[in-house]
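Good morning, and thank you for coming. I would like to take you through one protein chain, from its overall layout to some individual residues.

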Amino acid sequence: MPRLQVAVDTPQHAGLDTTLDYLSEQPLALGTLVRAPLGKREVLGIVWPGGAGEVPDQDLKPLVAVLDTLPALDAAWQSLVTFASGYYQRGLGELALSVLPPELHKLDASQLALRLRKLHKAMATTADAGPAEAPLSPSPEQAAVLADLDATPAATPVLLHGVTGSGKTEVYLHAAAQTLAAGRQALVLVPEINLTPQLEARFAARFAGRRIVSLHSALTPAQRLRSWLAAHLGLADLVLGTRLAIFTPMPRLGLIVVDEEHDPSYKQQEGARYSARDLAVYRARLQDARVLLGSATPSLESWQRANEGRYRRLELPSRIGGALLPRVRLVDMNQQPKDRGGAALSPPLLEAIRQRIARGEQSLVFLNRRGYAPVLHCADCGWKSGCPHCSAWRVFHKLDRTLRCHHCGFTERVPRACPECGNLDIAPIGRGTERLEEQIGQLLADAQGVPPRIARIDADSTRLKGSLEAQLGAVHAGEVDVLVGTQMVTKGHDFRRITLVAAVNPDSALFSSDFRAPERLFGLLMQAAGRAGRSAEHAQAAEMWVQTWHPQHPLYAALRQHDFAAFAEGQLKERESAGLPPFAHLAMLRADAKQAEAAQDFLQAAADLAPALPGADQVSVYAPVPLPVARVAGVERMQMLVESASRPALQHFLAAWAPALHGLRRSGARKVLRWAIDVDPLAI
Ligand SMILES: [Zn+2]
Ligand SMILES: [Zn+2]
């Protein structure tokens, strides 16, 4: 019997290589899905390229079944997975099998064949639809961008820098139309599941009669498998999805769009910590597809690549229909009365919202902290509402009278009195969205004491299925005067009647130890500003208010001018002189343990291995430090930064380091619960 290499998901710490040899009754094409015995289990596997191993034939097990009703995963898909596994230092089999739909792991050959028959039948009957909506006639600015896009070779990645409301989607639709017309498939990535229905509706209207499927984690397992199969079989022309969709096999792939390419949700935060945006660029090259990255506030990595000419930058600097960008007003909090009774909003901002209400316009006020107050405090003995399992405060939620830890979820009823000294007068410190909502209701009540109509959108108020849609519906219907929320409300939503957006307390990011915090803040504020004045009739009055103690900060100066280029230039200068990305390359080694000393010891032992490894002369390994929130759910978390000016040197080094770390873990001397390498980490 021929022997084959098969990628299977073996636990990394077991020390098994992640492709194993099996015997097969017949030769099988690379990429064929099979079912294989693994220990006492039977698992899904993929026939993988590679030489014969050293295990003699008589010690090998035969495959259980071949799932050859499904075409093999093609060479481009195999290359993408191989690259991601190597680059992000994760087992090949683990990665390859984890990016397949979970449902696929459960099916035997006959069940799979049944699903495929059903899919073909469904696809045969739903193809025809009404007439497709005609493309909008482009603005002169859009027309210029479309012409530039058409003139750009497909092999050059395109960075589409367009302010909010400038019609980036129209450019995506144009590129998709050309791709489909050429008989190829398009993949469109969005950062959030919530944004897929809107976009799906627009693509569906434009491409009536074409098959569009979506892929994200909120689908049922059966739906997800169906979408994946439709893409893999080439039955679907368009795939819309979140980061996990980057691994969808698409044999005719001709276009990848990454919308809001700067968004941190494109980076996976567990398992293989891949960046779907970066993989999109790599994958496009593999499949001779065009890649289009779009954003109003591109990541500084992409911006710098465009500066270097490696990406083609296309600009949409104005809003559709000539609508103006909102005027930015900074409120200098140093100049405001000190005694406002703890009110979050300054008098001029309150007055501006009052005027909006009187005119029947809407305001959006956001604060990046949910709950009522971040901590409860006893003034007598100094007790604070700490979490017993984490190095963090528990947040006071007034609606259900709970103290909740936002890190581990530990929840208790609010105590009647201070648990330490019995003082009945324990008070909230600071404020979250719940308290902001309450204050706005009180401060903006009319002469009869009737509060304005307020909606709150945050992770608490939208926990129930359908509640986000209901809240958004009320805003769109004009049943809301003031919308309060966390940054959740700033993303993507097309509010027509909002003419004022206010950031209550954004300053903390200016002085964060994370070098990316200003970049994120600028993106957030620009995105938020983009929610104001989206319809031309309201654009004249649109304003973005920022309450700040540091009105002279250059970030706010750039914001006032809506000048992303100036902001980026300043940041890139700082990054270059500090030796930070995109001018240097980073990886983070993280370790979790019951005791901080154990995590520290593991990282120190890892650091001690480093000097002997290839590439080490070009790599700096820094000292282990605790994470900003060091203890979560009783686990101590430490990390250690690795930096190099050379990406190949860093890759070379990591490739030798990772196996050595497995050995370190297996040696058993250091009791860490888990460890992981994060290549190109987003949070430092
Ligand atoms: Zn007390
Ligand atoms: Zn906790």
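I shall speak about the domains, then a sheet, then the cores, and finally several single positions. Please keep in mind that this is a predicted model.

Let me begin with the layout. The domain assignment divides the chain into domain 1 (3-124), domain 2 (140-321), domain 3 (324-370 + 432-574), domain 4 (373-430) and domain 5 (585-679). Between the C-alpha centres of domain 1 and domain 4 there is a distance of 50 Å.

I turn now to the sheet. Seven strands make up an open sheet, and their order is β8-β9-β7-β10-β11-β6-β12, with parallel pairing. Which strands stand at the edges? They are β8 and β12 (312-316), each of which pairs on one side only. From one strand to the next, the twist averages 20 degrees.

For those new to the subject, the strands of a sheet pair through backbone hydrogen bonds, either parallel or antiparallel.

Strand β9 (residues 238-241) runs parallel to β8, and four bridges join the two. L215 stands opposite G241 in β9. To pass from β8 to β9, the chain goes through helix α7 (residues 221-232), and this β-α-β crossover is right-handed.

Is I256 buried or exposed? It counts as buried because 30 C-beta neighbours lie inside 10 Å, and the cut-off for a buried residue is 20 or more. Not counting residues up to four places away in sequence, I256 touches L187, A280, R283, A284, A289 and V291. I256 and P317, which are 61 residues apart in sequence, lie 23 Å apart in space, C-alpha to C-alpha.

Next come the nonpolar cores. The largest has 155 residues, of which V6, L187, L189, L238 and V239 touch the most other members. Which helix gives the most to this core? That is helix α13 (residues 517-529), with six residues. A second, separate core consists of 13 residues, including Y372, W393, L403 and I426. Returning to V6, and leaving aside its neighbours within four places in sequence, its contacts are T19, L20, Y22, V34, A36, G45, I46, V47 and W48.

Helix α11 (residues 433-443) also has buried residues: T433, E434, R435, L436, E437 and I440. Among the elements that cover them are β14 (362-366), β16 (395-397), β20 (454-457) and β21 (482-485).

Let us proceed to an antiparallel pair. Strand β26 (residues 625-632) and strand β27 (residues 635-644) run antiparallel and are joined by four bridges. V625 has Q639 in β27 as its bridge partner. The two strands form a hairpin with two residues between them, and A633 in the turn has a positive phi of about 50 degrees.

Two further residues show a positive phi. Q89, which is not a glycine, has a value of about 60 degrees, and its place is in the loop between α1 (75-87) and α2 (92-98). For D288, also a residue other than glycine, phi is near 50 degrees, and D288 lies in the loop between α8 (276-286) and β11. D288 counts as exposed because its C-beta neighbours inside 10 Å number 12, and the cut-off for exposed is 12 or fewer.

My last point concerns the backbone. P581 and P582 are joined by a cis peptide bond, with omega of about 5 degrees. P582 lies in the loop between α16 and β24 (585-593).

Key. Residues numbered from 1 in each chain as written. Chains lettered and ligands numbered in written order. Predicted model: local features only at pLDDT ≥ 70, side-chain atom pairs only at ≥ 80, totals over all residues. Pairing = 2+ DSSP bridges. Right-handed = clockwise from strand over helix to strand, strands pointing away. Domains from an automatic or database assignment. Core = buried A, V, L, I, M, F, W, Y, C linked by C-beta atoms within 7 Å. Contact = placed C-beta atoms within 7 Å. Axes fitted to C-alpha atoms, helices over the stretch in contact; angles between N-to-C directions.
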